[in-house]
Amino acid sequence: MQKPIRNYLSIKVVRTAIVLMLWHAVSASAVEPAERFLDVLRDRELYDLAVVYLDRMASSPLVTDEFKERIPYEQGITLLEHAKDLADAQERSKKLQEAQIQLESFIKANPTNEQGLKARTELARAQVGHGRALREAAERLPDTQSAERTERLEEARKFIALGRKGLIEAKTVYRSMLDSIPKDQSQLADQRQSIGMLWLATSLLSHQAAYEELFTYPAGSGDRTKLAEATAKELAHLYDVYESRPQVSMDARLLEGQCYQEIGDLDKAINCYEDIISQDDTQPWLRRCITKALRYQAECYMKQNKYDQIIKACGDWLNRSRGNEPQESDWLAVRYHLAMAHLRKADSAGNQADKKKQISEARDHFKYISRQRKDFWKEARDQYTALSRGMETSSLPEVKTFDEAFGLSKDAFEQMAANRAALDAARRNSPDQVPELEESMEKNRSDAWQLLHQAMDMVDEQTDLDSVNQVRFFLCYLYYTDGDYWRAAVIGKFLAERYPDHPASRNAAKIAMASYQQLYAQGQTEDKPASALDFESRQVAKIADLIARRWPDTPDAVAAYDSLINFALQQRRFDDARTYLQKIPESQQWAAELKIGCILWADYQATIRSENADQPDANLLAKQKADAIAMLERGYSQVDGENIDASVANGGLFLAQAYNLEARFHDAIAALEKPVSGPLALLDAKHDAVNRDGFDAEVYRTALQAYALASPPETEKSQAMMDALDASLGSSDAESAEKLTLIYLGLGIQLKKQLESFAAEGPAETAQRIAIALEEILGRIQKRSDGLDWSKRRWLAQAYYQLAEGLRGPDDSIRPDVRSYYDKAREAYESLLKQAAADTAFAPNEESILGARKDLADCLRRLGMYDQAMDHFTAVLSKKPMMLDMQRAAANTLQAWGTADPNKYLKAIGGDYRDKDGKNIVWGWAKLANMAYRVTAKYPQYKDFYYEGWFNCAQARYLYAMSQKGGKRKEQLAESESIIRTLYTVREELGGATWQQKFDDLLKTVQKAQGKKATGLAGLRKE
């Protein structure tokens, strides 16, 4: 036993040394990253070192004063975490007392602030938890130590009562804070709600502590009954008062039922549980609560011998399970009680057929539970073994030697294999034979179990070692198939390491590796931290390496490294996956490369789409993207028409998506259209590799993007992909229709971004090509627009408008095809506003409607429908004149109208459309500039409005001048120049380089029109 201890200590020393080096490294910096370093120490369970570190930081100039004030709190939390891991009761108690001193010190200094209340709650919960541990330890004492048990229960009660008192004190403080917040001040509503929820949560915790305290009193005692009834009464009040907050009321009702159940008032308990069970089960948290209630209700019914009620309620609920729910602890408990009810009902069955049916049902449920290796698994396994073997053992001949038991066990295994093959065939061809074959298989399995254990009991020094190891392998296999992965792993590893030359050794190693993988997966489903699964992870790698070294030239060696690659990928250890890849023969690497490439690509996509602020460095992301593409290319290039599976199909799809992202559209098309093994070919062939929900739609979407954006575009194939998408998802089912619309919207957004990019700086023909593809997509969305919400309908209208804007000529000329896009945008906006007028709940708010009216008016302006555009502007501005964006758009419209009516240029400057008081509803550029100047200090975003206003005043004067002749033209040109001169005098910087260039160009244009030398702003600087 000494060697493992020394190994453990050496690891601990190394870990400590590493952390100490990190400590000294960070301490040398200007600012101590205290919280991060403290988290590292706690995560690595170096609690003693964390305490020392906190003591050191108390006098360190490298941490903030705020952190120093929090040190007692951090010390207390650290000691609490340490106490949880201590097996020795005295040492745990000592740590809890130290934590209590630290936290009470912090609470005294911070009696009512958030951290102080949190400290009070954490301390109280730890005290209750410590009391519960003491109580459970006391209950494990044998009856011969009843005096010691009573003493320990009293000690447990002391801790739980202390914790309950702390929770009640925290609850009182929250109540006081809540009462101090005025109910009639709406601005404090969020604060009131937050503190109210904290009060409720602490109330429930205090009642849970009272429930824990029940078990420290003798069953049936007056103290136990009195506390349970008082707690149940308070919980009933919470249930009644907080009916509008179901999560609170349901938790309260559940705990109330448990209180009644523990004092034997079963009818009241059952009624409480029924109130929960009868709730709608759509929400996940409520399903969990219902499952708990069913579990406890079944316990009550069991005591009342009401087996039919258990079978009905629990059976119905298990039939309505979802996903992985059946593997959760409370669901397993429900199944266990259901199995026990079947078993009890079998005892009173009226005939043999009914009895056999009840026992069969019970055995099936016990078998399921025993294979999960969670709650009730040992009890279920004992029951399953008894039911499977009990009446059948007599059918086995009596064995007296190892060889007899071993020979018969081999016969049982051979028969089991034959029955399994027959069972597989029966499931396909003769379902009526399945029950009999399943029963026969269970009989073979039961016989094998008994014979193997008998054989091991008869082993002596003369027994053939190879035969003993064969028995061990059979047991390893049965343990694995029974879900007892720990025993399977131990036996399999033993055989592989100690007896590698035995014929079964290689298969034993494979079972051991698979068992450790299962144990690791179970730990993940139980939300264990990665550090707690380090042993299982290391064992997987160790056994895989053993297989590859001992049997290097076998398919199992490749399979072992493939398993290691899968395992590394699950843990996002990409470098390790690449290392394992290099150990596979080069000719067989392609499948692993595809797998790694797929995971790298999926991880890259998830990262760039994440809203997490802690994004990796851009260079690292770029490297991951390049690595993913390289892996996918190498793997996919070696795929032939054989060995096609889901990873091949995924590889082709992901590679095409990567090419699309890189604008390598023809490469994407080649990947998708690859003969035999490409995603499109696999879909055409209805291959099993693509028989997955949503895969076809994703392939069609990716292909549509590639076809639409290729140069030249593959229009016919784009159309075919859209038709395929419609066929795949465009059913009458509302969810499918919504999904299809979202796909088109997503692609439309991508195309719109591409169009904006090319319209700004790319080739005109490329922009036109993208516009054609976008128009087709928008047309598909338009057909489905009736079912879209406000935001999607507005996006559609904006997309048509921006499509037209992107193709408008540099001189603002509008071709007929471009005009049609403006028309479609106008129709979309008008339809949007019409529905908003008919349905007041359609638009999110009034501002959204005003924004849509502005967009429609802008569209009408582009179409030259100035009268109608101004109708929309004035309708809004008559009610909300201070909407500067709207005033700006209205002035722009008047200025554009000047091309048809030059007098509108003057209206654009000075305003137009009088209200009943004779004031201009539309201000015009001059007033807009002045108003923008007034609000710029408070709203800096309007700074450009000031310069834009004066620029357009000068430009509108110039445009009006050019529509006139003689002296009037000369006068207006001088006015335009004067505006620029005056603004330059008071604002020489003219709003920065961009506006300076615009003013300079306009001034030179005006000077040329005057017959002057075009000196621009440079000339003004010299004057």
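Trainee: How many residues apart are Glu139 and Arg135 in helix 7?

Mentor: In this predicted model, Glu139 and Arg135 are four residues apart in helix 7 (residues 114-139), which is about one turn of the helix. Side chains of opposite charge can pair when their charged atoms come close. Here Arg135 and Glu139 form a salt bridge, with 3.3 Å between the closest N and O atoms.

Trainee: Is Arg135 buried or exposed, and what is the state of Glu139?

Mentor: Arg135 is buried, at a relative accessible area of 9%. Glu139, at 42%, is partly exposed.

Trainee: Which residues do salt bridges with shared partners join into one network?

Mentor: The network consists of Arg132, Arg135, Glu139 and Glu212.

Trainee: With which residue does Glu213 form a salt bridge?

Mentor: Its partner is Arg164, and the closest N and O atoms are 3.1 Å apart. Glu213 lies in helix 9 and Arg164 in helix 8 (residues 146-179), so this pair ties together parts that are 49 residues apart in sequence. Glu213 is buried, with a relative accessible area of 5%.

Trainee: How many salt bridges does the whole structure hold?

Mentor: A search of the whole structure finds 37.

Key: Residues are numbered from 1 along each chain as its sequence is written. This is a predicted model: local features need pLDDT of at least 70, side-chain atom pairs count only at pLDDT 80 or more; totals for chains, interfaces and linings use all residues. Side-chain values use heavy atoms; hydrogens and water are left out. A salt bridge is a side-chain nitrogen of Lys or Arg within 4 Å of a carboxyl oxygen of Asp or Glu. Helices (H or I, at least four residues) and strands (E, at least two) are DSSP runs, numbered from the N terminus. Buried means under 20% relative accessible area, exposed over 50%, partly exposed in between (1.4 Å probe, protein chains only).
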